[in-house]
Amino acid sequence: MTTAEFETFRSTRAVHADPGVYEPQDDSWLLCEMASQAGVVRGARVLDMCTGSGAVALAAASMGAREVVAFDISPLAVACARRNAADLGVDVDVRHGSFADAAALQPFDVILCNPPYVPSEAVPAGEGPHRAWDGGHDGRIVLDPLCEAAHGLLVPGGTLMLVHSEYSNPERTEAMLRSKDMTVSTAARRSISFGPVMTQRAAWLEQVGLLEASRDIEDLVVIRADRR
Ligand SMILES: C[S@@+](CC[C@H](N)C(=O)[O-])C[C@H]1O[C@@H](n2cnc3c(N)ncnc32)[C@H](O)[C@@H]1O
């Protein structure tokens, strides 16, 4: 699928985000676009971790995945993704849970993940929309467990594709995945203007030295890691 095809997918296939559920954004669509370009989804058993509205899972199904399993810790997101799948008549197995629950269903051919990754002053806790983006002080509260778990969740030769920001330490993501004997590459790096969360958090990010003064763009980074 090209970006233009995703625009069509986005508008005509009507993936709705309920209140309190992450509205698919640039990061969601960049991940889908790169997964499509990589050509790894067709015929694959796919895990969409952190599914939100189910946008990535539904895109994977539309790319010809053999099976799609999706997880989220938010009950609102699970209900929303299930409803979107039902409305579109697409078979996606949406479950409440996270890495340990996915491990019970391994192995997968492909893992796609758009996790929460924005550095946050407080460690995210409880329920609420902030759980979709708050990643703890270094942005890595979900990224690190993902990098730890990916190798074990995948079949040999399987592929992880994940998206996050330049402010969430992509170098650490790559190093962690390499340390798990995976072949790692940057599939995409694309600049976007700050959205509302980054705009609201910019002063704190500057204060802790994660952001240059007056900068109001970020690079989204899609990393691909293949299990040997
Ligand atoms: C940035 S949103 C991405 C949603 C969707 N994949 C997309 O691209 O539009 C991140 C999602 O991760 C979920 N989440 C946060 N921590 C999680 C965890 N430990 N395990 C599973 N899901 C989690 C949030 O509830 C939220 O729905």
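Y167 is buried in this predicted model, with a relative accessible area of 8%, where buried means under 20% relative accessible area, exposed over 50% and partly exposed in between, for a 1.4 Å probe and protein chains only. F194 is buried too, at 13%. These two residues form the one aromatic pair that the structure holds; rings of Phe, Tyr and Trp (its six-membered ring) pair if their centres lie within 6.5 Å, and planes under 30 degrees apart count as stacked, over 60 as edge-to-face and the rest as tilted. The ring centres of Y167 and F194 are 6.3 Å apart and the planes stand at 75°, so the pair is edge-to-face. Y167 sits in the loop between β5 (154-165) and α7 (170-179), while F194 sits in the loop between β6 (182-193) and α8 (196-207), so the pair ties together parts that are 27 residues apart in sequence.

Residues are numbered from 1 along each chain as its sequence is written, and side-chain values use heavy atoms, with hydrogens and water left out. Because this is a predicted model, local features need pLDDT of at least 70 and side-chain atom pairs count only at pLDDT 80 or more, whereas totals for chains, interfaces and linings use all residues. Helices (H or I, at least four residues) and strands (E, at least two) are DSSP runs, numbered from the N terminus.

Strand β5 also contains T159, which counts as buried at 3% relative accessibility. With neighbours within four places in sequence left aside, T159 is in contact (heavy atoms within 4.5 Å) with V40, D109, V110, I111, L154, R224, A225 and D226.

I111 in β4 is the bridge partner of L47, and four bridges join β1 (residues 45-49) to β4 (residues 108-113), the two running parallel. Two strands pair if DSSP finds at least two bridges between them. Strand β1 is mostly covered, with five of its five residues buried. Burial extends to both faces of β1: R45, L47 and M49 lie on one side, V46 and D48 on the other. Five bridges join β1 to β2, again in parallel, and M49 has F71 of β2 as its bridge partner. The chain crosses from β1 through α3 to β2 in a right-handed β-α-β crossover; right-handed means that, with the strands pointing away from the viewer, the path from the first strand over the helix to the second runs clockwise.

F71 also stands opposite R95 in β3. Four bridges join β2 to β3, which run parallel, and the crossover from β2 through α4 to β3 is right-handed.

What does helix α4 look like? Helix α4 (residues 75-88) has 14 residues and reaches 20 Å from its first C-alpha to its last, close to the 20 Å expected at 1.5 Å a residue, where the expected span is 1.5 Å times one less than the number of residues. The buried residues of α4 are A77, V78, C80, A81, N84 and A85. They cover an arc of only 165° around the axis, which puts them on the same side of α4; the arc is that of the directions from the helix axis to the C-beta atoms. L76, A86 and D87 are exposed on the other side. The cover over the buried residues of α4 includes α3 (55-62), β2 (67-72) and β3 (93-96). Just after α4, G89 takes a positive phi of about 65°.
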